[in-house]
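Opening the notebook on a new model today. I want to go through its domains, a helix pair, a sheet and a ligand site.

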Amino acid sequence: MMKVTKFGGSSLASASQLEKVLHIMREDATRKFMIVSAPGKRFAEDEKVTDLLIELGEAVLAGTDTTGFQTKIMQRYQQIADDLKLTDAIMEEIKAQLEKLLTLDVTSPEAYLDAVKSSGEDNHARLIAAYFNQAGLKAHYVNPLQAGMIVTNEPGNAQILPQSYTKIATLRQLNDIIVIPGFFGYTETGRICTFSRGGSDITGSIIANGVQASLYENFTDVDAIYAANPHIVSQPKEIAALTYREMRELSYAGFSVFHDEALIPAFKAGIPVQVKNTNNPTAPGTTITTKRQAIDTPVVGIASDSGFCGIYIRKYLMNREIGFGRHVLEILEDCQLNFEHMPSGIDELTIILREDQLTEAVKATVLNRLKQELAVDEVKIQHHLALIMVVGEGMNHNVGITAKAATSLANAAINIEMINQGSSEVSIMFGVKEADEKKALQVIYQAFFD
Ligand SMILES: Nc1ncnc2c1ncn2[C@@H]1O[C@H](COP(=O)(O)OP(=O)(O)O)[C@@H](O)[C@H]1O
Ligand SMILES: N[C@@H](CC(=O)OP(=O)(O)O)C(=O)O
């Protein structure tokens, strides 16, 4: 039995948090691989080291003063090192690593920013390994390159390459605790490339798959995954068990507690994922597996996210025009736009996408091409949409889920802009105006859980 244990930024934000983490790692000898994030927030208004590093990198690229950011970043590590009474050697190493960032090649700004961002986890992994050894728990820092994390060359959005897994499997032969920084890998040409934000969860899942772990533990700052975002719904129900599919839907739709891309590697190797609380490690947490026992409640969770828009297209007899949909999607592809949903009717089609992709120039191109090449009767963009996702594997045995959610919205006088349900029936999406997002989530939650 061998576990991969990932600690998020909030679990590693200060010396007192690191003491809890040491205790967690020490009390279970099967916790062999440890994946770490950069120091996160110690309190609500605090700054994450990753955010400070992004500001530092942007200042370097803009040629503006960087000393303020350098000082703040060094102080975060120094404070931890001082409180844990670590030797000077580790801070010398971190200082040298940070100084090196200022001398790196900036010809590719995106690649440069990734190198800067990745140092948050890299330096923290070095510090944590040093701390464990000083406390008498043998640990080794292993860089993602040594670990075999080879990724695509997509800065800020890397994906693991399949050949990585063979090398990762050899990590099983190493002794003691292996501390691997999360969030980044190396391209085939040896450049650092990070996953998307929150991507240390992805590293943990990849390592769990590669070493064939018996469990992937993900330690964070809540007792469990809740049925709704606790910042919007007060005291939501804890979820004891979820399937990979449910979790992927929920995390993609707004449950930021676990990265949606972190499900696939664990799922492919059939490794259960357990989300647990560093501040309350005896709480059972949430377990994510292929199947869960007793699907008694049809809905397990409700997620929401804002920042979407809809491109509404209407054309009489659209349904008879072969290739119409393909042509619309080709225009989106040419503009490098990702879309999320595509609800349609006989003479109409809506493409839902993240609003931040639609710059004025892209918007003009898309609208012009739709008008000219497809001779549509009407095309308009609906801005500021939020999507509410009602998720549960049990929904396909239950009639009336859509009606129940829609009734709760109607009773709260919230207009439904659109509804979409995939044929797998694991989720139903409701589009509402951003201004209605919180209220909509609260009333749908009440309808299913109160
Ligand atoms: N449905 C949910 N269940 C639990 N936590 C949630 C949920 N939705 C959002 N969160 C937020 O996710 C946070 C944990 O994720 P994150 O900040 O990424 O943690 P970490 O620092 O461990 O990586 C929680 O503190 C909580 O505010
Ligand atoms: N530090 C990175 C990666 C990460 O996973 O962080 P956290 O575990 O704090 O969500 C980020 O902020 O995006």
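My entries follow, beginning with the overall layout.

**Domains.** I'm working from a predicted model, so I keep that in mind throughout. I looked up the domain assignment first: domain 1 covers 3-289 and domain 2 covers 301-449. Taken over C-alpha atoms, their centres are 33 Å apart. I then checked where the two touch, and found 15 residues of domain 1 in contact with 17 residues of domain 2. Which helix gives the largest share of the domain 1 side? Helix α9 (residues 244-252) does, with four residues. I sorted that side of domain 1 by class and got nine nonpolar, four charged and two polar residues.

**Helix pair.** Next I went to helix α4 (residues 88-101) and helix α5 (residues 109-134). Their axes come within 10 Å and cross at roughly 170°. An angle over 145 degrees counts as roughly antiparallel, and α4 and α5 are therefore roughly antiparallel to each other. I listed who makes the contact: from α4, Ile90, Glu93, Ile94, Gln97, Leu98 and Leu101. From α5 I noted Ala115, Val116, Ser119, Asn123, Arg126, Leu127 and Ala130. By class, the contact of α4 with α5 has eight nonpolar residues, along with three polar and two charged ones.

**Sheet.** I traced the strand order of an open five-stranded sheet and wrote down β14-β13-β15-β17-β16, with antiparallel pairing. Which strands stand at the edges? They are β14 (348-354) and β16 (418-421); each has a single partner strand, so one side of each is left without a neighbour in the sheet. On average, neighbouring strands here are turned by 35° against each other, direction ignored.

I zoomed in on the pairing of strand β13 (residues 301-314) with β14, which is antiparallel and runs over seven bridges. One bridge I looked up there joins cysteine 309 to leucine 353, the latter in β14.

Then I asked which strands helix α13 (residues 401-411) lies across. I found β15 (378-391), β16 and β17 (427-433), with α13 running at about 20° to β17.

**Ligand site.** Last stop was ligand 2. How many residues surround ligand 2? I get 15, and the closest are Gly8, Gly9, Ser37, Thr50 and Ser200. Sorting the shell around ligand 2 by class gave ten polar, three charged and two nonpolar residues.

Technical notes:
Residues numbered from 1 in each chain as written. Chains lettered and ligands numbered in written order. Predicted model: local features only at pLDDT ≥ 70, side-chain atom pairs only at ≥ 80, totals over all residues. Domains from an automatic or database assignment. Contact = placed C-beta atoms within 7 Å. Helix = DSSP H or I, 4+ residues; strand = E, 2+ residues; numbered from the N terminus. Nonpolar A, V, L, I, M, F, W, Y, C, P; charged D, E, K, R; others polar. Axes fitted to C-alpha atoms, helices over the stretch in contact; angles between N-to-C directions. Parallel < 35°, antiparallel > 145°, perpendicular 65-115°, else oblique. Pairing = 2+ DSSP bridges. Near = placed C-beta within 6 Å.
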